[in-house]
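Here are my notes on the model you sent over. Have it open on your screen while you read, and go through the points in order.

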Amino acid sequence: MVTTQSTPFTEVLGNGALAIGAYAVLGVLLLVAGFYAIDLATPGRLSRLIREERNPNAATLAAAGLVAVGLIVAASIWSSGGALREGLIATLVFGLVGIAVQTIAMIAFDRVVGIPVRTLLGEATLQPATIMLSATHVVIGLITAVAVV
């Protein structure tokens, strides 16, 4: 006779809740790091541009960067296969790499393609170049996320 040992339901719930909490904390930390990386790569204080000046270009660029980081974090969690420690480490590493790649891409677009972020953030109305640069952020996040999976 074969017996199978099953994990008690409360243990499954406890482990699941722990994993959700750990990934949520790490995800929020990576989102904050992503915001500040974008802030460092742009002229002026991004939070001031968004909060006080209500600059739609700054808000759009920051939001796209955060969406991209979120895609990378979600893909890292998905690819962890339930191994919490390894999943958290992979999420941290892949998240930081994704943030670095986005920052480099923003600087590259500024210098190579000729879309100056400094000029965009000086505009009071949403600019077409901001939409294009924001889409680039999301696509880079998607590419990085798919590479993780």
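1. A word on burial before anything else: a residue is called buried under 20% relative accessible area, exposed over 50%, and partly exposed in between, using a 1.4 Å probe and protein chains only. By that scale Ala 33 is partly exposed, because its relative accessible area is 30%.

2. Some ground rules. This is a predicted model, so local features need pLDDT of at least 70 and side-chain atom pairs count only at pLDDT 80 or more, while totals for chains, interfaces and linings use all residues. Residues are numbered from 1 along each chain as its sequence is written, and side-chain values use heavy atoms, with hydrogens and water left out.

3. What is the chain built from? It has six helices and zero strands, where helices (H or I, at least four residues) and strands (E, at least two) are DSSP runs numbered from the N terminus. The radius of gyration is 19 Å, well over the 15 Å that the globule rule gives for 149 residues, so the chain is more spread out than a compact globule. For that comparison, the radius is taken over C-alpha atoms, and the rule is 2.2 Å times the number of residues to the power 0.38. Along the principal axes, the C-alpha atoms fill a box of roughly 75 × 30 × 20 Å.

4. On to burial and contacts for the chain. Buried residues account for 35% of the 149. Contact means heavy atoms within 4.5 Å. Taking contacts between residues at least 6 apart in sequence, 74% join residues at least 24 apart.

5. Now the inside. A nonpolar core here is a set of buried Ala, Val, Leu, Ile, Met, Phe, Trp, Tyr and Cys residues joined through side-chain atoms within 4.5 Å. The largest one has 13 residues, and Leu 46, Ala 58, Leu 61, Met 106, Val 117, Leu 121 and Leu 133 touch the most other members. Helix 1 (9-41), helix 2 (46-51), helix 3 (56-79) and helix 5 (117-121) each supply at least two residues of this core. Apart from it lies another core, of six residues, including Leu 30, Val 69, Val 73 and Ile 99.

6. Take a closer look at Leu 133. Which residues does Leu 133 contact, leaving aside its neighbours within four places in sequence? They are Leu 61, Met 106, Phe 109, Val 117 and Leu 120.

7. Is Gly 141 buried or exposed? Gly 141 is buried, because its relative accessibility is 0%. This glycine belongs to helix 6 (residues 128-148). Beyond its neighbours within four places in sequence, Gly 141 is in contact with Ala 68, Leu 71, Ile 72 and Gln 102. Its C-alpha is 22 Å from that of Ala 22, which is 119 residues away along the chain.

8. Arg 54 deserves a glance on your screen. It has a positive phi of about 55° although it is not a glycine. Arg 54 is in the loop between helix 2 and helix 3, and counts as exposed because its relative accessibility is 69%.

9. Thr 125 is in another loop, the one between helix 5 and helix 6. Leaving aside neighbours within four places in sequence, Thr 125 is in contact with Pro 56 and Asn 57.

10. Finally, Ile 107. This residue lies in helix 4 (residues 84-113) and is partly exposed, because its relative accessible area is 35%. The C-alpha atoms of Ile 107 and Val 117 are separated by 8.4 Å, the two being 10 residues apart along the chain.
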